[in-house]
Amino acid sequence: MNKGAAPLMSVRDLSIGFRTKAGLARAVKGISFDIARGEILGLVGESGCGKTVTALAMMGLLPGNSQVTGVLEFDLEDIVKMNEEEVRKLRGDEISMVFQEPLTSLNPLWKVGRQIDENLQMHTDLDRKARFARVVELINDVGLPDPERLYHKYPHELSGGMRQRIAIAIAIACRPKLIITDEPTTALDVTIQAQILELLKKINDETGSSVIFISHNLDLVREICSSVCVMYAGFIVEKSPVEVLFSRPDHPYTIGLMKAIPRRESKGKKLTDIPGKVPSINDRLPGCPFEPRCSYAFERCRAEIPRFVSLSDDHYSMCFLAGESRSNTPRLKP
Ligand code: SF4
């Protein structure tokens with residue numbers, strides 16, 4: 001098969017659980033989606049929805065008590081079936097990850113230049129001189145001034161925004177096909193946040209790397225992504241191109257997330273929170289995972305898990321009332 005025609009990553013019926021004394025705690029429950037080459041895909045949802053666990057599975061970084069089933073096909077090779085060594089080769093070279101807080105992902109005892117160099121040393125044949133030149137080039141590419149001087153700085157000598165740029169330089173060092181970013185701007189102020197988004201867009205434009213952008217913030221997702229998967233309690237509950245999601249959101253959870261976005265015109269008004277909280281991975285709900293928080297829930301929602309319904313070629317929603325007006329649906333008594 002022509003690799004260029006296939007999606008870069010194809011996730012099929014992926015489930016991830018963790019063996020605990022109380023049994024298997026299920027964090028991800030049979031999710032499926034594709035990432036096209038060069039695409040920026042958003043994975044959105046509150047904390048505890050399974051976004052980060054999904055990303056860690058793609059990086060082969062799940063802990064030893066994890067249990068993974070399904071298919072995680074990257075460039076036509078199934079990561080779930082790879083051995084340690086094969087996944088290690090992929091990581092940092094073909095797939096890389098940028099974490100939320102660079103202060104914890106960077107080594108505080110190593111100069112930042114050495115940390116970028118380490119990735120080149122592991123995955124390329126470049127000699128020391130060529131690697132130094134490449135590190136300087138990378139520091140420059142992520143928009144930092146005076147790269148030769150910065151090479152010799154420790155992480156604590158840089159601002160939060162600069163550290164995140166260094167983390168991105170490490171991630172792109174080997175020109176990966178896929179960059180996973182997990183809440184990369186959450187720890188940064190709004191101005192720096194915008195600059196980091198610009199940088200990710202520029203990298204995507206210039207290198208053609210695909211990006212998975214994990215966030216709880218739908219506004220940022222709208223800014224940078226072309227398509228979105230909304231995750232809730234380990235399920236993907238809605239999937240669509242970004243403009244469709246914002247013009248015709250279907251799932252009550254997505255609609256709730258949108259109502260919770262602060263807007264200029266809503267200044268001074270109370271934001272609408274989604275009542276309740278995300279179920280824990282140990283909870284075993286027999287029905288729709290969103291039922292306890294859903295203002296449209298009816299009897300069937302408590303007993304049965306809804307299927308993923310296709311609303312159009314590329315828009316799906318996991319709700320019994322997908323595509324229907326929910327205005328006349330009576331709420332179940334709690
Ligand atoms: Fe709400 Fe029922 Fe739809 Fe779940 S299936 S989102 S509980 S209406």
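**Exercises on helix and sheet packing**

In this predicted model, Gly113, Ile116, Asp117, Leu120 and Gln121 of H4 meet Arg131, Arg134, Val135, Leu138 and Ile139 of H5.

**Exercise 1.** Sort the residues of the contact of H4 with H5 into nonpolar, polar and charged.

Solution. Five are nonpolar, two are polar and three are charged. Gly counts as polar.

**Exercise 2.** Describe how helix H4 and helix H5 cross.

Solution. 
- Start with what to look for. Two packed helices are described by the angle between their axes and the distance between the axes.
- Locate the helices: H4 covers residues 112–123, and H5 covers residues 128–141.
- Take the distance. The two axes come within 9 Å.
- Take the angle. The axes cross at roughly 120 degrees.
- Classify the angle. Angles of 65 to 115 degrees count as roughly perpendicular, and those over 145 as roughly antiparallel. H4 and H5 are therefore oblique to each other.
- The crossing of H4 with H5 is right-handed.

**Exercise 3.** Work out the order of the strands in the open sheet, and name the edge strands.

Solution. 
- Four strands make up the sheet, in the order S2-S1-S4-S5. Their pairing is antiparallel.
- The edges are S2 (23–35) and S5 (77–78), each of which pairs on one side only.
- Now look at one pair. S1 (residues 9–20) runs antiparallel to S2, joined by ten bridges.
- Gly17 stands opposite Arg26 in S2.

**Exercise 4.** Which strands does helix H1 touch?

Solution. H1 (residues 51–58) packs on the sheet and touches S1, S2 and S4 (66–74). The direction of H1 makes about 105 degrees with that of S1.

Notes:
Residues numbered from 1 in each chain as written. Predicted model: local features only at pLDDT ≥ 70, side-chain atom pairs only at ≥ 80, totals over all residues. Heavy atoms only, no water. Axes fitted to C-alpha atoms, helices over the stretch in contact; angles between N-to-C directions. Helix = DSSP H or I, 4+ residues; strand = E, 2+ residues; numbered from the N terminus. Parallel < 35°, antiparallel > 145°, perpendicular 65-115°, else oblique. Left-handed = near helix turned anticlockwise from the far one by under 90°. Contact = heavy atoms within 4.5 Å. Pairing = 2+ DSSP bridges.
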